[in-house]
Amino acid sequence: MAKRDVPEINAGSMADIAFLLLIFFLVATTMDVDSGITRKLPPWVVDQAQDLRVKERNVLIVLINKDNQLAVEGNLTDPLNLKDITKEFYVNPADLENLSEGEMASHKLEKYIKANEEDNIRKYNRLIKEIGDVKISKGIVSLQNDRGTKYSKYIEIQNYLVASINELRDELAEKVYENKFNDCTEDQQELIQLVYPLSISEAEPKSFK
Amino acid sequence: MSKFSKNKKKGASAISTASLPDIVFMILFFFMVTTTMKETELKIKIKLPQATEVKKLENKSMVSYIYIGKPIPALQELYGSEPKIQLNDQISELTDIYNYVMAERGAVAEELQPQMTTSLKVDEETEMGIVTDLKQELRKAQALKINYSSRKMVKKK
């Protein structure tokens, strides 16, 4: 007698069902991951004149006018050079008069001991132990724009400023921990952030030519 | 003789499609896993600017979105062609932002409120004026953590 075939289950419509679901998800899908430049705004103060007083040499003024031109400290500048200018401003390797002042970590620690700020004392003690007594810049980048500045230009400049800080952090991380900043542990990142804080001031908008 | 003639059927035998569902299911699962549903319908056109130093936004339930851009052509008669702010599903005014932030904040447990981020999705052609006004409103509402949403661009070395 011939072997009897086991009747096959018809799976032909399975594909149809799967296709239906597939098309639904294809349509409903948005693939974008949300990413962007994170920034912190200064708190709202009623009295605008009550601004923080900062020495002139410690502020790097970056202006973008309505024609999307960039000026650093009053000089027209190519955006491509901004990253290097910012890095030099922060580090000030030659201790130039017109670039940002630095303060030794140990000096800061003394101040915090005087003020009895436990949290900061602990942080700076760790900083000196792990990274050493480094110079911490007092520099602030003040980014100002006109109302007519294009948003894409503004983001481009923001991006360069963040990039300069990120590069400084990476360099320090490589030197001390032999790792990229993003691959360091949270504790290590915290210390590096102490040395290179992201100090970009989102100043009040101004109108200028 | 009959044996030979029996095996010789006309035409090629059908290709088995039994594995087709498997393939389709594989694609299906991929899309199911990567999918995030669209939350709001945009009434304005937005092309995000590009940046290299972007960070991923984590914890999406802590993020509220504000969109700025020109209304889509179908709605330009109604709203004009100047850049507008959209909150949730509506074109809104600057003065609505304070209430919007407060409403978003109210939906979150109190101890988590400092983690809240506002994601600004702004069209790259927009002029900064409206963005600056928006930032001032956010400062008034104490929503200080912001994120300039941008597309990731590959770093040029």
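User: Before we start, what do "buried" and "exposed" mean here?

Analyst: Buried means under 20% relative accessible area, exposed over 50%, and partly exposed in between, with a 1.4 Å probe and protein chains only. Both B:Tyr65 and B:Tyr67 are buried. This is a predicted model, where local features need pLDDT of at least 70 and side-chain atom pairs count only at pLDDT 80 or more, while totals for chains, interfaces and linings use all residues. Residues are numbered from 1 along each chain as its sequence is written, chains are lettered from A and ligands numbered from 1 in the order in which they are written, and side-chain values use heavy atoms, leaving out hydrogens and water.

User: How many aromatic pairs are there over all chains, and why are B:Tyr65 and B:Tyr67 called stacked?

Analyst: The whole structure has 8 aromatic pairs. The rings of B:Tyr65 and B:Tyr67 have centres 6.3 Å apart and planes at 20 degrees, so they are stacked. Rings of Phe, Tyr and Trp (its six-membered ring) pair if their centres lie within 6.5 Å; planes under 30 degrees apart count as stacked, over 60 as edge-to-face and the rest as tilted.

User: What makes α4(B) oblique to α5(B)?

Analyst: The axes of α4 (residues 96-106) and α5 (residues 128-140) of chain B cross at roughly 45 degrees, so α4(B) is oblique to α5(B). Angles under 35 degrees count as roughly parallel, over 145 as roughly antiparallel, 65 to 115 as roughly perpendicular and the rest as oblique.

User: And why is α4(A) called roughly perpendicular to α6(A)?

Analyst: Their axes cross at roughly 95 degrees, which makes α4(A) roughly perpendicular to α6(A).

How values were computed. Axes fitted to C-alpha atoms, helices over the stretch in contact; angles between N-to-C directions. Helix = DSSP H or I, 4+ residues; strand = E, 2+ residues; numbered from the N terminus.
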